[in-house]
Structures are given as C-alpha cells and as structure tokens.
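Subject: Structure handover

Hi,

Here is the structure I promised to pass on. My notes on what turned up follow just below.

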Amino acid sequence: MKRNIALIPAAGVGERFGAGKPKQYVEIHGKTVLQHTLDIFAAHPQITLAAVVLAPDDHTFQSAETAGFQTAPAKTVLLHCGGASRAETVRNGVNTLLERGLAAPGDNILVHDAARCCLPQAALSRLIDQAGSHPNGGILAVPVADTLKRSGSDGLIETTVPRSGLWQAQTPQLFPAALLQRALAAPDLGAVTDEASAVEMLGVRPLLVQGDSRNLKLTLPQDEYIVRLLLAEK
C-alpha cells in the first residue's frame with residue numbers, strides 16, 4: 001500500500017517578506033509558521049511522514065532560542081540538503097528520501113510550501129482522495145476569479161486575458177515519487193516554477209483538485225494579518 005509523504009521545502013530566506021529572517025521562522029500565536037504547517041500534516045491520519053528540507057547550514061529549527069519550536073511534531077524528519085532554488089531543494093529532498101529508504105518509488109510525495117500554514121484538513125483529504133491513486137498525480141488549485149490584465153512595457157494595459165479555464169496553483173502538489181524524481185532530473189531547473197510545471201514538461205497532465213481560498217501563502221508583510229486571523233480560528 002502506497003504511503004503519503006509530505007515534503008516541505010524550507011531552505012529559502014523569504015526576502016520579499018522582509019522579516020530579517022526566513023519567514024518560516026516568523027512566530028504567530030506562539031508558534032513558528034513552519035510548526036503551524038507541520039502540525040497540519042502531523043494531525044492528518046493519511047500522512048505517514050513529513051520531511052522538512054532545510055539549508056545545509058540551517059540549525060534554527062533545532063535551536064532552543066527559537067520561540068515556538070521546542071519540539072518537532074510527530075512523524076517529522078529533517079533533511080539538511082536544501083539547494084539554491086526551490087526546485088533544487090525539492091529534487092534533493094526527493095532523492096534523499098528514496099536513497100535513505102524513507103520513501104519508495106510508488107509512494108506519493110506531497111510537496112507543500114512551508115509558508116502555507118492555513119491549509120484546511122478537508123482540502124488535504126480531498127487531494128489525497130482524488131489524486132492519490134492517479135498515475136499523473138494532482139495539485140490543489142482554485143479557479144481564477146478576478147479579471148486578468150496583461151501589461152505592456154510602458155505599464156499600460158495591453159489586453160484583458162480571458163479567465164475561463166484558468167486556475168491558480170496551490171500546494172500540496174502530489175505525485176508518485178518516481179515520477180517527481182524523473183521530472184526534476186533535468187540539469188537546468190530554471191524554468192520550473194512548481195512541481196506540476198516540471199511534470200508537465202514530461203508531457204504528463206496532472207489532475208486539478210479544488211483547493212481552498214484559506215490556503216494562502218505568506219509572501220508579503222500584509223499577508224500576515226490574514227494568516228493571523230485564519231490561525232486564530234483553529
């Protein structure tokens with residue numbers, strides 16, 4: 001029986017957030033953002049393991065000085081093999097899981113942003129139930145609701161982009177480990193914006209699974225206000 005293994009790339013520095021430290025270590029309601037995220041997977045009965053991929057020189061996770069991170073949640077393993085980009089970090093994490101026997105080629109790997117700490121359990125269950133047995137894997141996503149504009153180099157509107165059939169990708173993004181490893185094996189990962197885009201480059205079409213608007217990513221300082229409200233409801 002295949003296992004569901006969460007892989008959380010957390011080797012970035014979060015420069016756009018401007019907190020003076022990686023945003024996964026920002027504290028909200030007494031816990032770091034990363035611990036809030038890990039708690040989601042630790043609490044889900046269909047998740048076997050949560051692997052956090054850290055930068056090789058990142059010791060903050062285990063530091064006693066880090067407020068809100070006294071202990072790692074259950075089912076958590078730390079992999080100090082992060083790369084220079086998100087795609088490299090995920091590739092290194094997948095390879096390490098397979099090399100260490102923590103994952104088998106047929107297991108599902110669910111790649112999730114460390115800064116998406118408000119993922120509802122229902123959305124996670126929906127992804128596993130609908131995409132967990134699909135050979136192409138699948139991702140959480142929401143249909144684009146706003147009108148989209150394409151700008152010219154002069155900053156003026158060039159055209160309105162029809163939003164029919166457009167979806168905004170979220171995470172987790174779930175793929176069989178062997179498929180994800182093959183998709184990320186290219187020497188140049190510069191064009192890879194998420195795991196689904198890497199899989200698509202193989203000619204594989206992943207499944208779209210209805211996401212949740214609450215599953216937002218903490219990216220800019222103003223996002224913290226909404227995240228605080230969402231976490232306060234849990």
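A quick definition before the contacts: a salt bridge here is a side-chain nitrogen of Lys or Arg within 4 Å of a carboxyl oxygen of Asp or Glu. Please keep in mind that this is a predicted model, in which local features need pLDDT of at least 70 and side-chain atom pairs count only at pLDDT 80 or more, while totals for chains, interfaces and linings use all residues. Residues are numbered from 1 along each chain as its sequence is written, and side-chain values use heavy atoms, with hydrogens and water left out.

**Salt bridges**

Searching the whole structure gives seven salt bridges. In one of them, K31 pairs with D39, and the closest N and O atoms are 2.6 Å apart. For burial, I use relative accessible area with a 1.4 Å probe and protein chains only: under 20% is buried, over 50% is exposed, and anything in between is partly exposed. On that scale K31 is partly exposed at 32%, and D39 is partly exposed at 23%.

R214 forms a salt bridge with D212, with 2.7 Å between the closest N and O atoms. Here R214 is partly exposed at 42% relative accessibility, whereas D212 counts as buried at 13%.

There is also a network of salt bridges, which links R86, D113, R116 and E195.

**Helix α6**

Helices (H or I, at least four residues) and strands (E, at least two) are DSSP runs, numbered from the N terminus. Within helix α6, R228 and E224 are four residues apart, so about one helical turn separates them. These two form a salt bridge whose closest N and O atoms lie 2.9 Å apart. R228 is partly exposed, at 30% relative accessible area.

L229 also sits in helix α6, which covers residues 223–232, and is partly exposed at 45%. Together with Y225 and I226, L229 forms a nonpolar surface patch of about 320 Å² accessible area. Such patches take residues with over 30% relative accessible area and no salt bridge, joining nonpolar side chains (Val, Leu, Ile, Met, Phe, Trp, Tyr) within 5 Å and like charges within 9 Å. Accessible areas come from the Shrake-Rupley method with a 1.4 Å probe, and for residues only the protein chains shown count as cover.

**The whole chain**

Six helices and eleven strands make up the secondary structure count. The C-alpha trace spans about 50 × 40 × 35 Å along its principal axes. Of the 234 residues, 48% count as buried.

Happy browsing!
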